[in-house]
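I would like to take you through one protein chain, step by step. Please keep the sequence and the structure in view as I speak.

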Amino acid sequence: MSTGSGADSAPAPTSTHESKPGGTFSSLKIRNYRLFATGAVISNTGTWMSRITQDWLVLSLTGSATAVGITTALQFLPMLLFGLYGGVIADRLPKRKLLLVSQAALGLCGIALAVLTLSGVVQVWHVYLIAFLLGMVTVVDNPARQAFVSEMVGPAQLRNAVSLNSANFQSARLVGPAVAGVLITSVGSGWAFMFNGLSFLAPLVGLLMMRTGELHKAVVIPRAKGQLREGLRYVSGRPELIWPIVLVGFVGTFGFNFPIWLTAFADEIFHGGAGMYSFFNILMAAGSLAGALLAARRRSSRLRMLVAAGTAFGVLEIIASMAPSVWIFAILLVPIGMIGLTTNISANTSVQMAADPAMRGRVMSLYMMVFAGGTPVGAPIVGWISDAYGVRTGMAVGGAFSLVAALGVGFMLARVGGLRLKVDLRPGRPHVRFVPREQLATAA
């Protein structure tokens, strides 16, 4: 549909639902965001189908958890190498037009892998190459998509929309693995890849149907030297930005290597095959969806919630790594998904709300660089540990890194905020809490 219609020149809306947040699904009252969310749930379903199928295909071709880790690493390596440049591009160019190009490119990558698999010539290096190409496109797509949310919904609805984006992604995660498991066992991996490639037609149609006049005014910066360094200086000077980014960096690098762990637990520990691997992913997605919907109901994202969620996430991973039976392991995946998603959303919304609009693309590119871009570092390490010492050890190590990082960031935030830990053992009082230093001095 043409984007030059008369509706595109209409004045920006001023309805109360855009200025006053309220309700779990309040952002969906905005037409442009509805189009965005509808397209996203379809493409996200295809993406999850492709992820599950890709991991299982690599494991089938190589029999190695390390190879699965390498595939994951290659997909996120471009974010580590070029992520900050993607943020600069997102700040310089109109984000809607940028997304039209990036989403089309992601669809073509999916179709290419489908053709290779359906023709029977696919080799592991083909998967490696396409994973890397997907990562290159994501370098620009991620910060543009994250920053575009504020243009669709405005600052009042930003927190709700970010949470609904995560709920959208996790809803697709419930459907995608189940469909992927059926397709892998019935007609083969190629059709799952094909569905993923074609699914990107949905967000492309949604972007074309948007009324650009109803988008909130975008801040597009002119091309200039030093913009990358400017973004880094901006983040480094603000504790409310740098410490959440540090925490998600450690969690993303070492704690979110579930493609490695879940494939190995399904195949080596519990001998369940592709169906069990899909089942594990569905359980994690159910927990993640619950975490996203709970986050959408909250009207604020406090940093102490981020620290508490990161700590609980690390503890749960360590416990799950020692689960003696498949059912205990499966049950633990639900709270792991919920707390892990709470950690991610708390960090994401805190960073987006604290960032200046002119800096948001660069800030979010740094956020995504350390969250997703750390995977090329963590995935091969965790994959090697899982191969050499067992997947239980690998998962426990990932959980330990997340736990230590959360406690360390909590200590630094408390120090910056002038807080100290107070222990009160009197009945009816909080036993452990953070209080300002001057309150401790008065109490003494």
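What you see is a predicted model. The mean pLDDT of the chain is 80, and 84% of its residues reach 70 or more. Over residues 1–19, however, the pLDDT is below 50, and this stretch has 27 contacts in the model beyond near neighbours in sequence. Among the helices, H8, at residues 201–209, has the highest confidence, with a mean of 95, while H18, at residues 437–443, has the lowest, with a mean of 39. Residues 437–444 stay under 50 in pLDDT, and the model gives them eight contacts beyond four places in sequence.

Now the chain as a whole. There are 18 helices and two strands. The chain has 444 residues, of which 54% count as buried. Its accessible surface comes to about 18,700 Å², and 68% of that belongs to carbon and sulfur atoms. If we take contacts between residues at least 6 apart in sequence, 83% of them join residues at least 24 apart.

Let us turn to individual helices. Helix H5 runs over residues 124–153, and its 30 residues reach 42 Å from first C-alpha to last, close to the 44 Å expected. Where does H5 bend? The bend is at Thr138, and it amounts to about 40°. Of the 30 residues of H5, 22 are buried. Just after this helix comes Gly154, with a positive phi of about 85°.

Helix H15, residues 360–371, has 12 residues and spans 16 Å, close to the 16 Å expected. H15 is mostly covered, with 11 of its 12 residues buried. Among these buried residues are Arg360, Arg362, Met364, Tyr367 and Phe371.

Next, two single residues. Leaving aside residues up to four places away in sequence, Ser43 touches Gln103, Asn196, Ser199, Phe200 and Pro203.

His271 lies in the loop between helices H11 and H12. His271 is classed as exposed because its relative accessible area is 64%, and exposed means over 50%. Its phi is near 50°, a positive value in a residue other than glycine. As background, most residues other than glycine have a negative phi.

In soluble globular proteins, nonpolar side chains tend to be buried together. In this model, the largest nonpolar core has 84 residues, and Phe280 and Phe329 touch the most other members. Helix H14, residues 326–354, gives the largest share of this core, with eight residues. Which residues does Phe280 touch, not counting those up to four places away in sequence? They are Leu262, Phe265, Ala266, Phe270, Val326, Phe329, Ala330 and Leu333. Apart from this core lies another, of 22 residues, including Met152, Leu207, Met210 and Ala296.

Thank you for your attention.

Note on methods. Residues numbered from 1 in each chain as written. Heavy atoms only, no water. pLDDT = per-residue confidence, 0-100. Helix = DSSP H or I, 4+ residues; strand = E, 2+ residues; numbered from the N terminus. Contact = heavy atoms within 4.5 Å. Expected span 1.5 Å × (residues − 1). Buried < 20%, exposed > 50% of the residue type's maximum accessible area, 1.4 Å probe, protein only. Areas by Shrake-Rupley, 256 points an atom, 1.4 Å probe, with all protein chains shown as cover. Bend = angle between axes of the 7 residues up to and from the residue. Core = buried A, V, L, I, M, F, W, Y, C linked by side-chain atoms within 4.5 Å.
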